[in-house]
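Here are my notes on the model you sent. Please read them with the structure open.

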Amino acid sequence: MGASTLKVPMALHAETRAKLVDYYRAHFHAKENTDAVVLLEGGKLQHQYDTDREMLFRQESFFMYLFGVTDPDCYAALDIRSGESTLFVPELDPSYAIWEGVIHPQEYFRIKYEVTHVRFVNELKWWFGLRNPEHGVHVLTGVNSDSKSVVPPANFDGLSEFKVDSSFLHAALSECRLIKTPKEIEVMRYVNKVSSDAHARVMAACRPGMMEYQLESLFLHETYSMGGCRFAAYNCICGAGHSGATLHYGQNSK
């Protein structure tokens, strides 16, 4: 990010992991003796329907909350007993360097994301075979109360050979996310300031005869160029005339 934009510290995610560990030790039936490993599967790089066009990657929210990882196709484990975190990154083919750029070593990701360990995704079965927690591998699945979308649980070849628990983690993580840490509040204040400034910029520039998409593009430009925010929280609502009465109007084409 630029000098005037906010860099989200990896310490924020270390704190959220510690919060989840504390929640397990206080609320899981084994309390302080909990021997479980939380396993999350990050977002996957997607292509647009049946084309070779890569969609702009955006990380799965729970995965981002705990680990702050912006790379696709990763897994991560949080050991409740030790508090240690392990990030699993894909082992890339050498041809990746031609098309996408530098292939970084594991140590690069350990330093970047400030996790305890880094392994390759193809080592998941081996790693869990060594760890084999008494109270199981805890995976995330549950229903979003607003969208009704279901969070699919993490999976990898060989996971079924271990004790898997999907009954506790979703409620635990949802509860942890309800109360924000001071670092999270700082991020929320920043993005709200960026959004407010962009709204003011749009209002100042709005003139009769302008198109809705012009206002949308101005908002997105302001949040990205001035705030460093590549993504918007939701699609822009730039409704002119009676379209302004539609709560989730999103055509922005008039």
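1. Thr86 sits in strand S3, residues 85-89. Strands (E, at least two residues) and helices (H or I, at least four) are DSSP runs, numbered from the N terminus. Thr86 is buried, at 2% relative accessible area; buried means under 20% (1.4 Å probe, protein chains only). Beyond its neighbours within four places in sequence, Thr86 is in contact with residues including Tyr75, His117 and Trp127. Contact means heavy atoms within 4.5 Å.

2. This is a predicted model: local features need pLDDT of at least 70, side-chain atom pairs count only at pLDDT 80 or more, and totals for chains, interfaces and linings use all residues. Residues are numbered from 1 along each chain as its sequence is written, and side-chain values use heavy atoms, without hydrogens and water.

3. The largest nonpolar core has 32 residues. Such a core is a set of buried Ala, Val, Leu, Ile, Met, Phe, Trp, Tyr and Cys residues joined through side-chain atoms within 4.5 Å. Leu20, Phe67 and Leu87 have the most contacts inside this core. Helix H2 (61-67) gives the most to it, five residues. Apart from this core lies another, of 14 residues, among them Val37 and Leu159.

Conventions: Buried means under 20% relative accessible area, exposed over 50%, partly exposed in between (1.4 Å probe, protein chains only).
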